[in-house]
Amino acid sequence: MMLEGKVAIVTGGTRGIGFEIVRKYLANGAKVVLFGSRQETVDKALAKLAEENAAWEVDGMCPKLTDAAEVEKAVTAVKEKFGKIDILVNNAGISQSTPLYNYTAEEFDKCIDLNVRALFYAILPTAKIMKEQGGGCILNTSSMVSISGQPAGVGYPTSKFAVNGMTISLARELAKDKIRVNAVAPGVTRTDMVAALPPAVVERISSQIPLGRPGEPEEVANAFLYLASDLASYVTGEILSVDGASRA
Ligand code: NAD
């Protein structure tokens, strides 16, 4: 049990990588509050987890992540209910693939709002709580495109470069408060989005990955487990790639 007694918030925890992080944390003894975008998907995720293990302590909320006041209220509610917050995982995110000349300012802003601003909105109230309680751990979901860029959808790699900048900078700033800040940078991962692609497309994508296949959400969640645990007690400011060497 690597996270026995810890309290964690996981944004975007209703499906994909976030859902696997929630499962992995629960299976390792943490109490988890998952943040989703709609009550319906939150309820569905909670039902699935209860079916797997009725003893797991898990709750769900759906604050608008791009609204600083709503997020602060939700974070405060978690602290009030569980008495502390040890781990914050900023995982919710959207990707884009629009060519530059088809972009609108609104589309670009949407990506930056959720993938960058929302992280800041969650980190600010949580870091204050963590400082007061004597430490904590903040984890952000970056992407391999934060290293390599991508040939279309410039808002997405731009947002993930910003995630890395926020991670490395806050690691330096918050170290004195015993708050570690790290990110995980997944490559192509078999979430619903990838699973829905035709097998021929998955085969073409896989052939470009040195390890020869997309990653599984659980493999990405393992990195989040390690970084949240005491095994990573001296690791901060790290962007951990989990991408089968795709970024090279
Ligand atoms: P997904 O679409 O399966 O899940 C995204 C999660 O974010 C969902 O739980 C969804 O509810 C939540 N979300 C989306 N928009 C939201 C909003 N406006 N408000 C609140 N929550 C919202 O995607 P995923 O692949 O699991 O992606 C999770 C993270 O991993 C993202 O940050 C993504 O950029 C990153 N990532 C994914 C891949 C991949 O190949 N799947 C690769 C690199 C990085």
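# Exercises on a predicted model

About 40 Å³ of space lies in the largest cavity, a volume being the space filled by probe spheres set on grid points that are joined across faces, edges and corners. The structure is a predicted model, in which local features need pLDDT of at least 70 and side-chain atom pairs count only at pLDDT 80 or more, while totals for chains, interfaces and linings use all residues. Residues are numbered from 1 along each chain as its sequence is written, and side-chain values use heavy atoms, with hydrogens and water left out.

**Exercise 1.** Determine which residues line the largest cavity, and sort the lining by class.

*Solution.* On a 1 Å grid over the protein atoms alone, a cavity is a set of points where a 1.4 Å probe fits but cannot get out, a pocket is an open set with protein on both sides within 12 Å along at least five of seven lines, and lining residues have an atom within 4 Å of a point. The structure holds one cavity of 30 Å³ or more. Its lining consists of Thr 11, Leu 65, Asn 90, Ala 92, Leu 114, Ala 118, Leu 119 and Ala 122. Helix 4 (residues 105-133) gives the largest share, four residues; helices (H or I, at least four residues) and strands (E, at least two) are DSSP runs numbered from the N terminus. Sorted by class, the lining has six nonpolar, two polar and no charged residues, where Ala, Val, Leu, Ile, Met, Phe, Trp, Tyr, Cys and Pro count as nonpolar, Asp, Glu, Lys and Arg as charged, and the others, Gly among them, as polar.

**Exercise 2.** Describe the second largest pocket by its volume, its lining and the classes of its residues.

*Solution.* The volume of the second largest pocket is about 320 Å³. Of the 16 residues that line this pocket, Thr 14, Arg 15, Gly 16, Phe 19 and Lys 48 lie nearest its centre. Helix 1, helix 2 (39-52) and helix 9 (217-228) are the elements that each give two or more residues to the lining. The classes are three nonpolar, four polar and nine charged residues.

**Exercise 3.** Decide whether Lys 178 is buried or exposed, and examine its phi.

*Solution.* Lys 178 is found in the loop between helix 6 and strand 6 (179-186). Lys 178 counts as exposed because its relative accessibility is 61%, where buried means under 20% relative accessible area, exposed over 50% and partly exposed in between (1.4 Å probe, protein chains only). Phi of Lys 178 is near 60 degrees, a positive value in a residue other than glycine. Most residues other than glycine have a negative phi.
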